[in-house]
Amino acid sequence: MKLRLLPLACAALVAGLAPVHAAMARTVHAVASFTVLADVVRQVGGTHATVTSLVPPDGDPHEFEPSPADAGKLQQADVIFLSGEGLETWFVRLARAAGYHGTPVIVSDGIPVHDMREDGHDVTDPHVWNSVPNVEIWTRNIRDALIRVDPEDADAFRANADAYLVRLRDLDQYIRERIATVPAERRRVLTGHDAFGYFGREYGVTLMAPQGLSTETEASAADVAALIRQIRTLGVSTYFMENAADPRLVKQVATATGARPGGTLYVEALSPPDGPAADYISMIRHDVDLMVPAMLTSH
């Protein structure tokens, strides 16, 4: 009799443990500094992560002013992702206000960064994501960080990352094919500030801008005058505004040179979900699809 009851007892024990095992499955609560990064975290995290961006869509990550609500988001996060390289200068202030003593994940670790001279100082260009191979490095760093936080879902994070890396390589190929249609001497674009340095180096495009690496910098009258002369000499005929930046200065340069508007580029912030740049891949394709016709019509 006891032997006949043993399987039933074991089945009851397993049934009793099943809800406990299910309860062990978790959703990682991730916070990312700005929308471009948040999207990549979301791609890797999939159904096992909820991702919040501190800087909203169309928001400037240079001039972001954190609120008390943002401090609360840090307190509730399992993991925090920053791009690094001087982009999120406001994060230390926010972390202090939130009482956050953890170590955020710097997703740009391992990316060869570029320095440039600005206002007499060597500064690092933080806009690494505008080169798609750099976002491949982001993706691997995000994958590894999520696995550390939630090792039980490691296989899902690896599979999501692998699938996204395939899409990124396809995007990189798309950019190279589109740029190749433009003669080398016409590959010049006028934008608001120096946010496309990595894009330019990776894909062979010269980006000109009246402002420096940060939208917080002030362009001198001499720098603007020199840029106007350069644009006239090179025959750049189209200018682009940026969705998260003040357009007044680039419009001033355009007026002085006769350049016509070419549309809005998404550089440091995604659009809202119903816009043309709701995710990273859409953002880059949108920008390239605006740039290429403009470069082809320059003289």
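Mentor: Glutamate 136 is buried, with a relative accessible area of 12%; the term buried means under 20% relative accessible area, exposed means over 50%, and partly exposed lies in between, with a 1.4 Å probe and protein chains only. The model is predicted, so local features need pLDDT of at least 70 and side-chain atom pairs count only at pLDDT 80 or more, whereas totals for chains, interfaces and linings use all residues. Residues are numbered from 1 along each chain as its sequence is written, and side-chain values use heavy atoms, with hydrogens and water left out.

The side chain of glutamate 136 forms a salt bridge with that of arginine 169, at 3.9 Å from N to O. This pair links distant parts of the chain, since glutamate 136 belongs to helix 5 and arginine 169 to helix 6, 33 residues apart. A salt bridge here is a side-chain nitrogen of Lys or Arg within 4 Å of a carboxyl oxygen of Asp or Glu. Helices (H or I, at least four residues) and strands (E, at least two) are DSSP runs, numbered from the N terminus.

Helix 5 itself covers residues 132-149. Its 18 residues should span 26 Å at 1.5 Å a residue, and the C-alpha atoms at its ends are 26 Å apart, which agrees; the expected span is 1.5 Å times one less than the number of residues. Glu136 is one of several buried residues in helix 5, which include Val132, Val135, Trp138, Thr139, Ile142 and Leu146. An α-helix has 3.6 residues a turn, so residues three or four places apart point the same way.

Aspartate 155 counts as exposed at 62% relative accessibility, while arginine 158 counts as partly exposed at 40%. Salt bridges that share partners join Glu136, Arg140 and Arg169 into one network.

Aspartate 150 is buried yet has no salt bridge, and the nearest side chain of opposite charge, that of arginine 26, is 5.0 Å away. For charge, Lys and Arg count as positive and Asp and Glu as negative, while His and the chain ends are not counted. Neighbours within four places in sequence aside, aspartate 150 is in contact with Arg26, Val28, His48 and Phe157, where contact means heavy atoms within 4.5 Å.

Arginine 26 does have a salt bridge elsewhere: its side chain meets that of aspartate 78 at 3.1 Å, N to O. Arginine 26 lies in the loop between helix 1 (2-24) and strand 1 (28-32), and aspartate 78 in the loop between helix 3 (68-76) and strand 3 (79-82), so the pair ties together parts that are 52 residues apart in sequence. Both partners are partly exposed, arginine 26 with a relative accessible area of 32% and aspartate 78 with 35%.

Strand 1 and strand 3 run parallel and are connected by three bridges, with valine 31 partnered by isoleucine 80; two strands pair if DSSP finds at least two bridges between them. In strand 3, Val79 and Phe81 point one way and Ile80 and Leu82 the other, and all are buried. Strand 3 also pairs with strand 4 (residues 105-106) in the parallel sense over two bridges, where leucine 82 stands opposite isoleucine 106.

As to the whole chain, a search finds ten salt bridges. The mean pLDDT is 84, and 80% of the residues reach 70 or more; over residues 1-23, however, the pLDDT is below 50, and beyond near neighbours in sequence this stretch has zero contacts in the model. The pLDDT is the predictor's confidence in each residue, from 0 to 100. Where pLDDT is low, the predicted coordinates should not be read in detail.
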